[in-house]
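This note is meant for a colleague who is meeting the structure for the first time. Please read the points below with the sequence and the model side by side.

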Amino acid sequence: EEEPGLPGPDGADPAPAEDLQERAYSKQRAEQALGRLVELREDFERRGAASWGGETYASAIEHADRGDAQMASGEFEAAGAEYEQAARALDQLGSVAVDLLRRALADGQQALEEGDEARATAAFGLAAEIAPDNQAAASGLRRAEVVDEVSEALLIADARERAGDWVEAERAYRQAVALDPMSLVAQESLARVQVHLSDDRFADF
């Protein structure tokens with residue numbers, strides 16, 4: 001092993017000891033930046049960010065790839081800068097994801113209320129990708145599976161209610177609630193019909 005300050009076997013002057021120390025420090029910083037980036041990237045990959053992260057996610061990947069190339073060629077300082085840029089982009093994407101999740105859940109809820117199965121499934125599916133552990137997204141997907149049946153039951157119940165057939169209306173509303181216990185329309189409609197039936201029974205005494 002050559003000592004700092006002594007010529008190499010090819011006669012070239014070796015790097016000064018302080019340059020070697022700075023290079024080692026740059027490599028250490030780059031490795032630390034890479035470690036944080038790997039954690040962030042794995043999390044976003046698990047959340048399917050490639051499908052919803054847009055240009056921000058693409059930019060993060062580009063910076064990470066450039067960093068890898070520079071790391072491989074020994075450009076440690078430049079590699080560290082690229083890794084830090086990539087991490088900043090993913091941090092920014094985290095803020096974007098919060099807003100995107102909120103909008104997806106709201107869109108899914110509206111789709112359920114309108115009886116639009118395809119739209120509800122897409123919205124809650126996106127929400128589940130962004131936040132795999134989100135209970136509202138999981139619940140929304142389950143509700144989307146029966147939204148057509150709920151809509152049909154509500155249509156039948158509404159027709160029976162308009163015709164004054166309160167018993168059949170109650171039965172249909174009960175069916176809708178059984179299919180989707182979280183449907184406010186079904187719950188409120190069932191309660192309304194039950195109040196009417198109770199008043200009728202009271203009036204018979």
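1. Basis of the note. This is a predicted model, in which local features need pLDDT of at least 70 and side-chain atom pairs count only at pLDDT 80 or more, while totals for chains, interfaces and linings use all residues. Residues are numbered from 1 along each chain as its sequence is written, and side-chain values use heavy atoms, with hydrogens and water left out.

2. Overall make-up. The secondary structure comes to 9 helices and 0 strands, where helices (H or I, at least four residues) and strands (E, at least two) are DSSP runs numbered from the N terminus. Of the 205 residues in the protein, 35% are buried, a term that stands for under 20% relative accessible area, with exposed meaning over 50% and partly exposed in between (1.4 Å probe, protein chains only). Among contacts between residues at least 6 apart in sequence, 55% join residues at least 24 apart, a contact being heavy atoms within 4.5 Å.

3. Helices α5 and α6. The axes of α5 (residues 117–130) and α6 (residues 135–145) come within 8 Å and cross at roughly 160 degrees; such axes are lines fitted to C-alpha atoms, for helices over the stretch in contact, and the angles run from 0 to 180 degrees between N-to-C directions. The two helices, α5 and α6, are therefore roughly antiparallel to each other, since angles over 145 degrees count as roughly antiparallel, under 35 as roughly parallel, 65 to 115 as roughly perpendicular and the rest as oblique. Residues that make the contact include Phe 124 of α5 and Leu 141 of α6, and the contact residues divide into 8 nonpolar, 3 polar and 2 charged. Here Ala, Val, Leu, Ile, Met, Phe, Trp, Tyr, Cys and Pro count as nonpolar, Asp, Glu, Lys and Arg as charged, and the others, Gly among them, as polar.

4. Helices α7 and α8. For α7 (residues 147–162) and α8 (residues 166–179), the axes come within 8 Å and cross at roughly 165 degrees, and these helices are therefore roughly antiparallel to each other. Among the residues making the contact are Leu 154 and Ile 156 of α7, together with Trp 166 and Tyr 173 of α8. The contact of α7 with α8 divides into 11 nonpolar, 1 polar and 5 charged residues.

5. The structure holds 16 salt bridges, each being a side-chain nitrogen of Lys or Arg within 4 Å of a carboxyl oxygen of Asp or Glu. One of them joins Asp 43 to Arg 46, with the closest N and O atoms 3.2 Å apart, and both residues lie in helix α1 (residues 17–46), 3 residues apart, or about one turn of the helix. Asp 43 is partly exposed at 25% relative accessibility, whereas Arg 46 is exposed at 52%. Asp 43, Arg 46 and Arg 47 are linked in a network of salt bridges.

6. Two further salt bridges. Arg 102 pairs with Asp 99 at 2.5 Å between the closest N and O atoms, the two being 3 residues apart in helix α4 (residues 76–114), about one helical turn; Asp 99 is partly exposed, with a relative accessible area of 31%. Glu 114 forms a salt bridge with Arg 119, where the closest N and O atoms are 2.9 Å apart. Glu 114 counts as partly exposed at 49% relative accessibility, and Arg 119 counts as partly exposed at 24%.
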